[in-house]
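Work through the exercises below with the coordinates open. Try each task before reading its solution.

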Amino acid sequence: MRHEESGASHDVDARLGARLAELRAERGWSLGELAERSGVSRSTLSRAERAEISPTAALLNRLCAVFGRTMSQLLSEVEGESALLVRAADQPVWEDRASGFVRRSVSPPHTGMRGELVEGRLAVGADIAYDRPPVPGLEQHIWVLEGALAVTVQDAEHRLDAGDCLRLRVWGATRFRCAGDEDVRYVLAVVLP
């Protein structure tokens, strides 16, 4: 598993915080208005915008839903435009240290393309709950490469082992949980509606 150095992580958090503040300002919203729309406290939003905290995947998902973006789109906005050929060394990696989730943007969002590929890794015991999709009706294909993954969609839990694939459109809450005694690695194909 690749971990970013703390200086590089802070730089990404700083750019991400600045972009979140820009998105809020573009809409003319106060921190209070964004807190009301997202269900995230004003103090947490303020600390994220100032890069005093590294946002969790669940927090970014809530903000993406309010701003009408996928997490990949938001992260690509702070990392710059991707080339058509994305070398392994150039694939952006983002880590939610609090939950044990590492996300590699294998095929980042690109102008004119609706799909993207993400490699996800969840450490043993990792459990991430998303209260809503970033974009309603988002199409996802989840293919497990190593380990076991439990995905809960509309109150139904699906256990996926290596080689299994779950296909769905996301309209409500989802949950991703490492379901085994080793880290799980999976591919997430995302297609905008």
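**Exercise 1. A hairpin turn**

Which residue takes a positive phi in the hairpin of strand 6 and strand 7? Describe the pairing around the turn as well.

Solution. The model is predicted.
- Step 1: start with the strands. Strand 6 and strand 7 run antiparallel, joined by six bridges.
- Step 2: go to the turn. Two residues sit between the strands, and glutamine 154 has the positive phi, near 50°.
- Step 3: find a bridge. Valine 153 has alanine 156 in strand 7 as its bridge partner.
- Step 4: look at the loop. Aspartate 155 lies there, between strand 6 (148–153) and strand 7 (156–161).
- Step 5: classify aspartate 155. Its relative accessibility is 82%; exposed means over 50%, so aspartate 155 is exposed.
- Step 6: take a distance. From aspartate 155 to leucine 188 the C-alpha separation is 20 Å, at 33 residues apart in sequence.

**Exercise 2. The open sheet**

In what order do the six strands of the open sheet run? Identify the edges.

Solution. 
- Step 1: read the order. The strands follow 1-2-3-10-5-8, with antiparallel pairing.
- Step 2: find the edges. Strand 1 (93–96) and strand 8 (165–170) each pair on one side only.
- Step 3: From one strand to the next, the average is 20°.
- Step 4: inspect one pair. Strand 5 (residues 138–146) meets strand 8 over six bridges, in the antiparallel sense.
- Step 5: Helix 5 (residues 71–79) lies across strand 1, strand 2 (101–107) and strand 3 (115–122), at about 80° to strand 2.

**Exercise 3. A helix crossing**

At what angle do helix 2 and helix 4 pack? Classify the crossing and its residues.

Solution. 
- Step 1: read the geometry. Helix 2 (residues 31–38) and helix 4 (residues 57–67) pack at about 100°, with axes 9 Å apart.
- Step 2: classify. The range 65 to 115 degrees counts as roughly perpendicular, so helix 2 is roughly perpendicular to helix 4.
- Step 3: list the contact. Leu34, Arg37 and Ser38 of helix 2 meet Arg62, Leu63, Val66 and Phe67 of helix 4.
- Step 4: sort by type. The contact of helix 2 with helix 4 has four nonpolar residues, one polar and two charged.
- Step 5: check a residue of helix 4. Asparagine 61 belongs to helix 4. At 5% relative accessibility, asparagine 61 is buried.
- Step 6: name its neighbours. Leaving out residues up to four places away in sequence, asparagine 61 touches Met71, Tyr130, Asp131, Arg132, Pro133 and Pro134.

**Exercise 4. Salt bridges**

How many salt bridges are there? Trace the network that includes glutamate 119.

Solution. 
- Step 1: count. With nitrogen within 4 Å of a carboxyl oxygen, the total is 18 salt bridges.
- Step 2: Arginine 19 bridges to glutamate 26, closest N and O atoms 3.2 Å apart. Arginine 19 is buried at 13%, whereas glutamate 26 is exposed at 53%.
- Step 3: go to glutamate 119. Its side chain meets arginine 104 at 3.2 Å, N to O. Glutamate 119 is in strand 3 and arginine 104 in strand 2, 15 residues apart.
- Step 4: check burial. Glutamate 119 is buried at 11%, and arginine 104 is buried at 18%.
- Step 5: Glutamate 146 and arginine 185 form a salt bridge at 3.2 Å. Glutamate 146 lies in strand 5 and arginine 185 in strand 10 (residues 184–191), so parts 39 residues apart in sequence are tied together.
- Step 6: join them. Through shared partners, Arg104, Glu119, Arg121, Glu146 and Arg185 form one network.

Key: Residues numbered from 1 in each chain as written. Predicted model: local features only at pLDDT ≥ 70, side-chain atom pairs only at ≥ 80, totals over all residues. Heavy atoms only, no water. Axes fitted to C-alpha atoms, helices over the stretch in contact; angles between N-to-C directions. Helix = DSSP H or I, 4+ residues; strand = E, 2+ residues; numbered from the N terminus. Parallel < 35°, antiparallel > 145°, perpendicular 65-115°, else oblique. Contact = heavy atoms within 4.5 Å. Nonpolar A, V, L, I, M, F, W, Y, C, P; charged D, E, K, R; others polar. Buried < 20%, exposed > 50% of the residue type's maximum accessible area, 1.4 Å probe, protein only. Pairing = 2+ DSSP bridges.
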